[in-house]
Amino acid sequence: MQVLKDKIQAEGVVIQNSLLKVDSFLNHQLDPELMMKLGEEFALRFKNNKVTKVLTIESSGIAVAIMVGLALKVPVVFARKKKSAVCNDEVYSTTVYSFTKKESNYVTVSKELLATGENVMIIDDFLANGEAALGLTHIVEQAGANVVGIGIVIEKSFQPGAEKLKSAGYRVESLVRIKSFSNGQVNYV
Ligand code: G4P
């Protein structure tokens with residue numbers, strides 16, 4: 001998606017040829033107009049899939065997910081990494097290990113918010129090792145719902161996540177796919 005590549009070119013910072021810092025529009029400050037365009041693009045790609053719910057994980061997936069939900073006119077649920085003070089509901093849960101941050105998160109979604117038979121579209125900002133997205137698929141499956149696909153804003157194709165998800169049978173739609181970083185530059189697939 002050219003508008004996203006242009007934004008990465010203008011504002012992204014490559015760190016140690018392994019990480020892309022996009023705090024100015026995706027991970028810390030948010031660019032609402034760009035978020036809207038990304039949401040519309042995902043909605044277009046999944047318009048024939050009878051999506052009933054968008055599922056993401058806090059925190060950085062939420063901004064894009066809500067734009068997808070707005071475009072598809074369906075609710076958006078975010079999986080929690082921290083316990084809520086008011087949520088005593090029964091939950092679906094899984095553990096997600098972050099290779100990048102070297103920490104495990106116990107991730108939950110209230111059983112009230114995912115029903116059997118729903119068509120769920122999973123959204124996340126980055127796809128690296130695929131643990132977060134895979135964890136979300138486990139939650140959808142615990143609910144007896146269907147994963148119609150996984151929408152990713154920035155896929156780092158040189159890491160194993162995309163292959164892991166595809167070989168598990170999931171449709172992965174990434175808006176940009178990064179082949180490598182070299183000399184502080186981003187090279188796309
Ligand atoms: P995964 O997201 O595919 O499971 O892979 P990994 O375990 O490596 O990623 C863990 C966290 O690091 C995720 O954030 C992911 O978005 C983030 N991450 C991975 N690679 C990059 C990168 O190149 N740039 C940036 N900016 N982030 C990266 P998280 O723990 O879910 O945190 P949050 O930002 O959503 O709160």
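How far does a polar side-chain atom of N129 lie from an oxygen atom of the ligand? I looked it up: 2.9 Å. I call that a polar contact, meaning a pair of N or O atoms within 3.5 Å.

**Ground rules.** I'm working on a predicted model, where local features need pLDDT of at least 70, side-chain atom pairs count only at pLDDT 80 or more, and totals for chains, interfaces and linings use all residues. Residues are numbered from 1 along each chain as its sequence is written, and side-chain values use heavy atoms, with hydrogens and water left out.

I then checked S60, and a polar atom of its side chain is 2.9 Å from a ligand oxygen. For F99 I found a polar backbone atom, again 2.9 Å from an oxygen atom of the ligand. On its own the ligand has 700 Å² of accessible area, and the protein covers 90% of that (Shrake-Rupley method, 1.4 Å probe).

I find the ligand in the largest pocket. A pocket here is an open set of points on a 1 Å grid over the protein atoms alone where a 1.4 Å probe fits, with protein on both sides within 12 Å along at least five of seven lines. To sit in it, more than half of a molecule's atoms must lie within 2 Å of its grid points.

**The shell.** I noted 21 residues around the ligand, with L20, T100, A128, G130 and K156 the closest; a residue is near if one of its heavy atoms lies within 4 Å. Eight of the shell residues are nonpolar, seven polar and six charged, and Gly is put with the polar ones. Which element gives the most to the shell? I see β7, with three residues. Helices (H or I, at least four residues) and strands (E, at least two) are DSSP runs, numbered from the N terminus.

**Salt bridges.** I get nine of them in the structure (a side-chain nitrogen of Lys or Arg within 4 Å of a carboxyl oxygen of Asp or Glu). One pairs E90 with K111, the closest N and O atoms being 3.5 Å apart. E90 lies in the loop between β4 and β5 and K111 in the loop between β6 and β7, so this pair ties together parts 21 residues apart in sequence.

Most residues other than glycine have a negative phi, and most peptide bonds are trans. I flagged Q16, not a glycine, for a positive phi of about 50°; Q16 lies in the loop between β1 and β2. I also flagged the cis peptide bond from E58 to S59, with omega near 0°. S59 is in the loop between β3 and α4.

Notes. A polar contact is a pair of N or O atoms within 3.5 Å; within protein, one must be able to donate a hydrogen and the other to accept it, and residues adjacent in sequence count only if both atoms are side-chain atoms. On a 1 Å grid over the protein atoms alone, a cavity is a set of points where a 1.4 Å probe fits but cannot get out, and a pocket is an open set with protein on both sides within 12 Å along at least five of seven lines; lining residues have an atom within 4 Å of a point.
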